[in-house]
Amino acid sequence: MIREKELRLALVCYGGISLAVYMHGISKEIWRLARASCAFLEGQVPVSGSEGVYRALLQEIEKEHGLRLRVLVDIIAGASAGGINGVFLGQAISTGQSLEPLTDLWLNSADIEALIDPKQGPRHRLAKIWAIPLVWLAQRRSGDSVDALVEAGARNEVRAKLSRFVRSRWFEPPFGGEMFSHLMLDAFDAMAKAPKGPRLLPKEQPLDLFVTVTDFAGHPELLALNSPPEVIETEHRLIFSFSDHGVATETLAHPGELTFAARATSSFPGAFPPCTVGEIDKVLAARDVSWPEREDFLSRNLPRQYAANCADQAVLIDGSVLANAPFRPAIEALRERPARRQVDRRFVYIDPFPGAKLNLGGRKGGVPGFFQTIIGAVSELPRQQPIRDNLEAIADRSHRIEQMSEIIAGIRPEVEKQVEALFGYTLFLDRPTVARLGTWRRRAQVSAATKAGYGYAAYGHLKLAGVIEHISQLLHSVGGEPGQDRLDQIRRLVAATVRAQGMDDMGPTFAGGANPAMIAFLRSYDLGFRIRRLRMMARRLGEVESGFAEDDLAALRGAIYTSLATYIECKRSEPYLALQRDVLALRSDAGPVLERLAETLNLKSLDDETEVRLSAALGLSSREVRRPMLLAYLGFPYFDVATLPLLQGEGIDEFDAIKVDRIAPDDAKSIRAGGAEATLKGIQFNSFGAFFSRAYRENDYLWGRLHGAERLIDIVVSALPPTMRMKPGRIATIKRDAFLAILDEEEPKLTQIAALIASLRSEIG
């Protein structure tokens, strides 16, 4: 039989101003890869273009290596230009809509002529004509003349548009905010009208989208100190979040909300006016589009402003000013990801111009001047801050997982010895019926507590604290009341109820199970323990599977991942929305709310269903497979005592170490080396270049597709286990097929870069 594996991509999309066109090309390839993966798994007829190449690659991996690989994108976080592309990509993945209509909109509308607000354009042809020589002088001093930047046929176009841009009204943003919002809504309309395919994620796999925004005026946040007890600080960072919660819908969110996010995150200071709720209201009214979800959207995404009844006055600017690389929300989204098969989690960040440096005309290597220092400090430096902190956080998480695996491997012989001594060697000769499995599990639990001695009390308190925290977070999410203060209040009320009912009392003989109240509490609410146990079984199955045929493993793998998915589903807030009224009224005793929550969770039924699946699957397995898997299941309490402190009281949902990949011009060298400087036109004029010429945009869009295809093929192939290798030269052939397929597809449409396409065919060979 064929093994299954998911390659899950969490995308982090940087800002890049006019390099948004380049990023559209990359987004399009990511979308095509996701479509190809779905089509392959559904057994659909192969398609042409790069999508067909991706499908053929997945088919080859299955045929040659016995691995059915599914590629999916389930987390997207973006800022500025990356935020716009993330919004459209998220809409396409969640709804099955097409990204194809966006290409014409990018090529036609991402232009100075289309973006300049008519009220801001030059009032007559001689307006500020004196400024034009200054522009040419600035270009020549930086070594970047128009003649050197673009093909001869487009030079007049660039000169004319640059002239109009320079002669626009100064000290006011030249680009129109309302015009841009209309363009975004036009794009969503075009996507909705185009042919639609299936949702590009498995059932119940959520798509989470995060868009960073900067609150110009800021909003107050309360900080708790020792003295004074509280202080108020001003916070400027905002994150607009969207999720389809794993359900197929007509749209990821109301088009006005998605437009609001795209418009706000791309409000580049000085180029676009700040974005406001009033602008979106005005644009929607002009199109006669209602927005029934308006209040809910504002309360979720502008909670402080909404609570103060001033959300309409919020002034929002470019999300990349303070968070150009939004890793944090993407990392936090990992907490509730379902898993039904082995997962290879990747964080893929898209950086259109890595290592870009600020150049305001200062002498190379010299001390920056007065204006260079000021502008760099307030504008460019925050945007270019490296992502080392984010990568170190991911590396730390991965390191803890690796440590946990090493600890488990180190203590496994002793744990297995303890379990065998408890049950005897005849355990593995018996068929594990549901009744037997339950009895064995409870007996192993008591034994682990007894063997751990006084250390078990510390473990119990840590586990209890984790359960209280999970309950508090869940109820806070169900209630929908914003703010850390409300979460803290719910946490205090839950903890007080646990103490009042004696459920936190370990007692001197807790190891023997003498406190029925606490045991009942954990059995009713401790999701984390169940999930960690199944995660460890999945990990153990992956370790032993190389020695056995897939037929001997398939039933057990299915039982583990099916059961795991049911428990993880319980972590989401949606199943408990019926408790919202009770949570909103929660101001004293949390007991009644906890009782209703336990009834809704109904973990006893889920436990019974899990043991039915596992006992049946273990019964179908050979004795050689059954032994290590039973030892893992029954020995888990021993392992958990050792590893939970390492995990700081939290479980790891996707338990493998996270790998980080980058898609950038510098990383795609199969066709042409030299990075962005050798391939992209949009980097000119401080990354505004692609706004001045369709030829620029066609160039960058095409390179985006080519670079995206190359790096995605690298990422897919890297998901193969170390024991599996592609044949020598095969990867280069696959890339060449993808490059030529893209050129064949785009050549009839990209009419202004014929020379580039001819050159690329020669370079590809």
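In this predicted model, helices H9 and H11 are oblique to each other, because their axes cross at roughly 55°. Those axes come within 10 Å, and the crossing is right-handed. From H9, the residues Gly177, Glu178, Ser181, His182 and Leu185 take part, and they meet Glu279, Ile280, Lys282, Val283, Leu284 and Ala286 of H11. Sorted by class, this contact of H9 with H11 holds five nonpolar, three polar and three charged residues.

H9 has another packing partner to look at. Helix H4, residues 100–109, packs against H9, residues 177–193, at an angle of about 155°, and the two axes lie 9 Å apart. Which way does H4 run relative to H9? With an angle over 145° counting as roughly antiparallel, H4 is roughly antiparallel to H9. H4 passes H9 in a right-handed crossing. On the H4 side you will find Pro101, Leu102, Leu105 and Ser109, which meet Leu183, Asp186, Ala187, Ala190 and Met191 in H9. The residues of this contact of H4 with H9 divide into seven nonpolar, one polar and one charged.

| Helix pair | Axis angle | Axis distance |
|---|---|---|
| H4 and H9 | about 155° | 9 Å |
| H9 and H11 | roughly 55° | within 10 Å |

Now for the chain as a whole. It contains 31 helices and seven strands, and 53% of its 765 residues are buried. Taking contacts between residues at least 6 apart in sequence, 80% of them join residues at least 24 apart.

What about the nonpolar interior? In soluble globular proteins, nonpolar side chains tend to be buried together. Here, the largest nonpolar core has 120 residues, and Phe240, Phe260 and Leu702 touch the most other members. Helix H1, residues 20–41, supplies the largest share of this core, with 12 residues. A second, separate core has 76 residues, including Ile408, Cys570, Ala632 and Phe639.

Setting aside neighbours within four places in sequence, Leu702 is in contact with Ile742, Leu743, Glu746, Leu750, Ile753, Leu756, Ile757 and Leu760. Glu746 also falls in helix H30, which covers residues 730–746. Another residue of H30 is Asp744. Is Asp744 buried or partly exposed? Asp744 counts as partly exposed, because its relative accessibility is 49%. The C-alpha atom of Asp744 is 9.9 Å from that of Ser50, although the two residues are 694 apart in sequence.

Cys275 sits in the loop between helix H10 (255–265) and helix H11 (277–286). This cysteine counts as buried because its relative accessibility is 0%. Which residues does Cys275 touch, not counting those up to four places away in sequence? They are Phe260, Arg263, Ala264, Ser267, Ile280, Ala314, Val315 and Leu316. Ile280 is also one of the H11 residues that H9 meets. Between Cys275 and Thr265, which are 10 residues apart along the chain, the C-alpha separation is 8.7 Å.

Ala333 is a further loop residue, placed between helix H14 (327–332) and strand S6 (342–350). Ala333 is buried, with a relative accessible area of 10%. Beyond residues up to four places away in sequence, Ala333 touches Ile75, Asp208 and Phe210. The C-alpha atoms of Ala333 and Ile76 are separated by 9.7 Å, while the residues are 257 apart along the chain.

Ser80 is not a glycine, yet its phi is positive, near 55°. This serine lies in the loop between strand S2 (67–78) and helix H3 (81–95). Asn309, also not a glycine, has a positive phi of about 60° and lies in the loop between helix H13 (303–307) and strand S5 (316–317). Where do these two stand on burial? Ser80 counts as buried, since its relative accessibility is 3%, whereas Asn309 counts as exposed at 71% relative accessibility.

Terms used. Residues numbered from 1 in each chain as written. Predicted model: local features only at pLDDT ≥ 70, side-chain atom pairs only at ≥ 80, totals over all residues. Heavy atoms only, no water. Axes fitted to C-alpha atoms, helices over the stretch in contact; angles between N-to-C directions. Helix = DSSP H or I, 4+ residues; strand = E, 2+ residues; numbered from the N terminus. Parallel < 35°, antiparallel > 145°, perpendicular 65-115°, else oblique. Left-handed = near helix turned anticlockwise from the far one by under 90°. Contact = heavy atoms within 4.5 Å. Nonpolar A, V, L, I, M, F, W, Y, C, P; charged D, E, K, R; others polar. Core = buried A, V, L, I, M, F, W, Y, C linked by side-chain atoms within 4.5 Å. Buried < 20%, exposed > 50% of the residue type's maximum accessible area, 1.4 Å probe, protein only.
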